[in-house]
Amino acid sequence: MRLRSVTIKNFRAFANVTVKLDETTVLIGENNTGKTSFLEALKLCLAQGASRRGDLFDDYDHHLASDQSQVGDAGNTEITLRFAESTAGEWSNDVVQAISEAITLDGDLQQVVLRVMSAKDAQTGEMTAKWEFLDPQGNPLKPRRPAGVVLRDLQLLKPFFYLSAVRDAAREFQPRSTFWGPFLRNPTIPEDVRKELEADLDALNAKVIAADDKLKDVKQRLEKTGGIVSIRTTDAVAIEAVPGRARDLLSRAQVSVSGRTGARLPMTRHGAGTQSLSVLFLFESFLNSMLERIYGAGSVPIVAVEEPEAHLHPAASRALWKTISDMPGQKLVATHSGDLLARVPLANVRRFCHDGTAIAVRQLQAGTLDQDDARKMALHVKATRGELLFARSWLLVEGATEVWVFEGIADLLGIDLEREGVRIVQYAQVMPDPFIRLADDLGIGWFCFADGDQDGQKYRKAAVDLLNGRNEADRVRTLPEATIEIHLCNAGFGTVYEDEVAVQKKPSITSKPGDPNYWTQVVAATPKRGKEARAIKVVEEMTKRGPSSAPPFLRGVLDAVVQIARGPANGP
Amino acid sequence: MALDLSLLNTNQQTAVAWEKGPLLVLAGPGSGKTKVLTTRIVRLLSESPDKRFRILGLTFTTKAADEMRSRIDALISDGRDRVALATFHSFAADVLRQHGSHVGFRPDFVILNQTADREAVLLDAIRECARVGIETDESDVKLLPFLDRLLDTCTHPDEVRNRVRDPDLADKAAALFAQYRLELEKTNRLDFPCLLSKAIELLESKPAVARLLRTTYTRVCVDEFQDTNYSQYRFLRAIVGEAPPDLFVVADDDQIIYQWNGASPERLLELRNDYKMSVVQLPANYRCPPAVIDLANKLIQHNHSRSADKQPLIAIKPVDRADSVRLHRFDEAAEELAWVATDIASRGPKVHGKCVVLARTKQVLETAAEALQAAGVTPALHVRKDEFESAAFRWLHSILRLANARGDREQVRRACKAFYTIDGLDLRVEQVLASAAVTGGDLLRAWFEETLAKDALSDLSREFLTALRTHIVSRLDFPGFISTSLDWFRQLHADDGRDLEALGDFQAEEGMWRELVQTIRDRLGDGMTLEAFLQEMDLAPKVPPPPPNATRCLTIHTSKGMEFEHVYLVGLVEDQLPSFQAVKKGPQSRELQEERRNCFVAITRAQLSLTLTYARRYSGWQKLPSRFLSEMGLLGDGA
C-alpha cells in the first residue's frame, strides 16, 4: 500500500505543493527549503492520532505569507495523503479489510485519500483540525466507524518512522527505545532452553554467594526477617549477582562492537559515524523482524531518514543507497550527500527550491528524457558525484577549455561560483537539450554558451527550441568567433597561441597579423593536444594583467548566469 | 473464547458450525433462528481473532438488526467492529455514501422518508417535463406509487414504455420516471426505492466496488429471506456475486406475508437454484404449546407452493395446560371483542402486557382497543410515524438538521413553527433569512441570534437557548445539545401547565426519542457524526414504545417476529381471514395461500395459550367461519 502523493497547503513555508512519491524517494535542496518540514508534515498525519478538539499544528506551522500575516490568513492548512494501487488487486485482503470504509475507486484502482485540515473556527477564532477521508471528488466520506478510528487502523498498516539527522546510539540502544526495546521485551527463547538457562543462572548465583563469606552472612541475617514478618520460610532471600530470569538478563543487554584491535567497546564509545550507522542497521533489523508482530499483518512502513550520510566517509555514503533501498517499506531520504545522490535514479529525486516566497518541489517528469538521454544524464550526475543536482544554475558549455576559462575569469573578478550555486557543465558529448530539459523539470536555472561555428549554431538552435517563451538574450549566447580560442586571441591573449605554433606549422599561417583570418590560422596551427594547458596559460596571463583584461563578452555570460542563479525557481 | 454450543439442538449446531458454502436454514417459527444466526457470527469472530474479514448481516427491520447486535454484544466484546448489521436500505445507503460519486451522489445526500417530500420532488419533475412540452400536470403526482413499482422492479428508464399499455401514459410515465430520478440526483437526495436501485446500478456498473465489498465482507448472512422483494434480492446478488464462498440465509417460506410488497415463494426457489444452497431445517419449536403446533402443521399443509421437502414443526414444549387452545363463537362482532376484553382483564393487570389481540386488518383493532378500554385494560395500538409530532421534538429534529445543512430554509421554517408552539414567540422565517444574508448565510446561527434578540422570549427558554447555542452553533456538540434540550423540555413541562399541553404527546415521544438515540448510538458508536445520526434517524421507523402493562393490538403483519404469552386472534371468518380479495381469487390462488400463511404466523406467536374467536355477523353482514378453522381441525367441514 504505497503513499503516492502528498499535497501540502499553507503549512510552514509551503503555500501549495504536491509531491509524488516512489518506492524510494530522495529529497534534496538547500537548507531551509522545507525538506524537514515535509517529513514532519507526514509525521503529523501518520504518527499522531486524531483528536476531537484543538489543532494538530502549532502557530508556526501555519503558513504566513508575509511579515504582516496572522495565523490562518493564508487559508486552511491542509495535508492530503493519497495512497493508491498501481494495478487492480494490488492491495492484500488484510489491507482492504482493515480500512475498507476509507477505500474508494479511481477507475479500477483502489485508493485512500486522507485529508488533515486545520481551519479557523468561526466562533472561537482558533484553528481547529479535522481528519477526513475523501471520495474521488474530494468530498469527505461519512464512514460508520469515525474517521479517527479508521485512521488508527491506517496507521497500523502504514506506520511512519522518522530517523532524524541526529542518531544517538546511547539513546537508541536503551532498553526502552522504540527499535531496540521490542527485541528485549519479546525474546523468543524456546521453553527448554530458557529453563536450562535459568537453572544455570541459579547455580552461578549460588556459587558466587558461597564463595564469599561476607555475602553468606548477609543472606543468613536477612532470612531472620521471616521470623518477624510473614514471608516464605525457606529460600526466602536470594542475592542475585546476575539476574535469575532470562527476560531480566536480556533487559540489561549491552551491545558492543569490536574495533580493529579486537577490543570490545560498548556502542556508545565508538565514533559518531559507527553509531549513526549502527542505529540505521538496528532500525532495519526492527523492520524485518518486529514490525508485523507489533503492527499486524500487511503492515508496511514509511521510513523517513534524514541525512543518512551524517558522519560517514564518502565511500560509506555511496554504499548507503543500497542499504536504504533494500529496507522494507517505502523510503523517504533527505540528503545533502552528492555521493549518495550519485547512486540514486534521477526519477526518484525531488528537488526542493524557493519559488518567490514559497517553496516548490520539482522532479524529472516521465517522458522528459528518452531512454538514451536518461542514461547519459545519469552518467553525468554520477560523474560529478551528484553535485550537478545541488546547483541553482548550470552554465552549459561545450568543453573543458570553457570550464577553465570561465572558472579563471570568475576567480579573477571575485565571483564565487560555489556560493552563487553556479555549476559549469560540459555538454559537447551529449548536446545541450537533455540538460536543459532536466534543468527545467528540476527547477535548476541554465545558460547555454556555444561557439560561433556550425556546431555551435546547432547547439544554439537546440537551446532556443526549449526557451518556451523565455528571452534568448538571457539564456543563450554564441561567440562572435568560431571558437573560444579565436575569441581569446581577439581579446588580447593571442601570444599564448602564437608561442605554441611549432616551426614546421608556421608556413600554414598565410595571413598577416591584423588580417581577419590571422588568429584562425594561428589557432589551427597549434598542436591538437594541449588545448586545456593553453587555456590555463590564458587564465594565468589574465590574472597577471588584472580584472580589466577579462574579455567583456565572457564576463557578460558569467553575469547572466549568476543573475539566473539568484532568481526564483527556474523552469518554463 | 470457546463457544458453548451444548444448549443448541443438533440441527442448530450443524447450522452454526457450517463451513461448506452457501447454506439455507429453513427455520419454522420459534425455532431459535436468530440465536443460530448470532451464534454463528460469534463463532466466526471468536475463531478468527487475528483476522480482519468482516461479516455482513442483512435484516428487514432496524429492530431485527438491533436485536442481533445486542445478542452478539452479550456474547463477545472483541471484534464487534467486524460485524455490520444493517437493513438492506441502510447498507445501500452506506455503499452510496462511500462510492456514490460514480452514480452522481455526494456522501452527504439526504434521504427523503416522507411521502410529502417525495411528492414535492415529483411536482418539480412534472413542472420540468411540462416546460419541455410533455403533456402532464400536477394531478400526475398520483403516479408516485406507480413510479415506486418501477423502481422496486429495477426498471431501466428505457424500458418504462414497454411496461405501460396505454401509449399516452407510456410517454408521460417514461418522462416523469427519468425526470424524477434526475431531480433527486440534481439535489443530492434519495428516497427509499432509489437507495436500492442506485446501489444496484453502482455495483453492477462498477465491478471494482463490488469486489471491494466482497473482499471486505467475506461472510454474508440474511435474516428473514422470505420477505425479500425483487430489488432486494438483486442487491444481495450484486453484493455477493455469482459464487460466494459463504452465504448464510435464514428463511421460512411458511411466513411469507409480504407478497404485496414483492416477496414471493418462488424467490426462495430462485435462491436455492442460483447458489446451489445446502439446506438445514430447524423444525423444532421452542415457543408454542404442542396443541398450537398441531394446528399449525394441519393448517399449513394445505399450501401447495411450499418448499417440497419442508418438515412439519416439532413441538418441544411439554403439554402443561388443557386450555392452551380455545375457540369461541359469538353472534355479533361487538360481543366477540367485549368477551376478549373481559377475558384479558380477568387475567389480572400483571398479565395484560403479555397478551396481544391480533387481527387481519386495522379497523377491527380499533374496535378491540375501545373494548379493552371499557374493560379496564390499557390498549396499545401500533402507530408508525415518519416524523415526530410534538412541537418539542419537531423543533429538536429541525435544529439538528439545520446544524447539518446550515442553509436549509425548510428546517428554519419548521423550527420557527415548532418554536411558536413551545414558547409562543412569533419569529418570522424571513427575519432569519435576512439576518443570515448579512452574516454569511449560516441559518442556524441566525435562528439563535434572532430568537435571543426578542424581548418576548421567556426567561427559561432564554437561559436554555443561550446554552444550547454554544452546544450546537459553535461546538457542534450534538449529544450535549440533545441532552440539554431534553432538560429544557422537562422544565417547560414541569413549570407551566400551558406548556404541557403545547408540547403535545411529549411524554410518548420522549420515550421514543430516547430509544431511537440509544439504538443509533449502539449501532454507530459514541464517535458518531451528526450526519450519520440524522440519516439513521431518517431510516428508523418512529414507533412510540407501548405503555407498561398495556395490551397491544396488532395486525398480523406487525406481529411478525414477536411472541406473546396469550394470543387472541379475532375475526376468524371468511372475507376477513382469508380476506375478501383472496377469497375472490379462488382456493388455489397465491393470495389465498398468503392468507393461510397469515393465519400460520398469527397462531405461532403464542407461548402459553391461543384463543381463536369469530362472530356470525360483522357490520350487519352474515359471515361464514374461516375455512382455516376447518383446516386446523377445529370445526367439522361446513360447521
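Chat about a predicted two-chain model

Modeller: A place to start is an open sheet of four strands in chain A, with the order β16-β15-β17-β18 and parallel pairing, where strands pair if DSSP finds at least two bridges between them. Helices (H or I, at least four residues) and strands (E, at least two) are DSSP runs, numbered from the N terminus. This is a predicted model, in which local features need pLDDT of at least 70 and side-chain atom pairs count only at pLDDT 80 or more, while totals for chains, interfaces and linings use all residues. Residues are numbered from 1 along each chain as its sequence is written, and chains are lettered from A and ligands numbered from 1 in the order in which they are written.

Biologist: Which strands stand at the edges of that sheet?

Modeller: The edges are β16 (422-426) and β18 (476-478) of chain A; each has a single partner strand, so one side of each is left without a neighbour in the sheet. From one strand to the next, the twist averages 20°.

Biologist: And how many bridges are there between β15 and β16 of chain A?

Modeller: Strand β15 (residues 393-397) of chain A pairs with β16(A) in the parallel sense over five bridges, and Leu395(A) has Ile424(A) in β16(A) as its bridge partner.

Biologist: Which strands does helix α16 of chain A lie across?

Modeller: Helix α16 (residues 400-413) of chain A lies across β15, β16 and β17 (445-450) of chain A, and runs at about 160° to β16(A). Axes here are lines fitted to C-alpha atoms, for helices over the stretch in contact, and angles run from 0 to 180 degrees between N-to-C directions. Helix α24 (residues 552-566) of chain A lies across β15, β16, β17 and β18 of chain A, at about 165° to β17(A).

Biologist: What does β13(A) pair with?

Modeller: Strand β3 (residues 24-29) of chain A pairs with β13(A) in the parallel sense over four bridges, and the partner of Gly29(A) in β13(A) is Phe352(A). Strand β14 (residues 358-363) of chain A is joined to β13(A) by six bridges and runs antiparallel to it, with Ile359(A) in β14(A) as the bridge partner of His354(A). In the hairpin of β13(A) and β14(A), which has two residues between the strands, Gly356(A) takes a positive phi near 65°.

Biologist: How many residues of chain A are in contact with chain B?

Modeller: On chain A, 28 residues are in contact with 26 residues of chain B, contact meaning that the C-beta atoms of two residues, placed from the backbone, lie within 7 Å. The elements of chain A that give two or more residues to its side are α2 (93-98), β5 (103-106) and α3 (147-157), and the largest share, five residues, comes from α2(A).

Biologist: Is Leu154(A) buried or exposed?

Modeller: Leu154(A), in helix α3 of chain A, is buried because 23 other C-beta atoms lie within 10 Å. Not counting residues up to four places away in sequence, Leu154(A) touches Ile99(A), Ala102(A), Val112(A) and Leu114(A).

Biologist: What does Ala208(B) touch?

Modeller: Ala208(B), which lies in helix α10 (residues 207-216) of chain B, touches Ala88(A), Leu105(A) and Asp108(A), again not counting residues up to four places away in sequence. Ala208(B) counts as partly exposed, because it has 19 C-beta neighbours inside 10 Å.

Biologist: Staying on chain B, which residues of helix α6 are buried?

Modeller: In helix α6 (residues 144-152) of chain B, Leu147(B), Leu150(B) and Leu151(B) are buried. Seen down the axis of α6(B), these buried residues fall within an arc of 100°, so they line one face of the helix; the arc is that of the directions from the helix axis to the C-beta atoms. On the other side of α6(B), Pro145(B) and Arg149(B) are exposed. What covers the buried residues of α6(B) includes α7 (160-163), α8 (167-186) and α9 (192-205) of chain B.

Methods:
A residue is buried if 20 or more other C-beta atoms lie within 10 Å of its own, exposed if 12 or fewer, and partly exposed in between; C-beta atoms are placed from the backbone.
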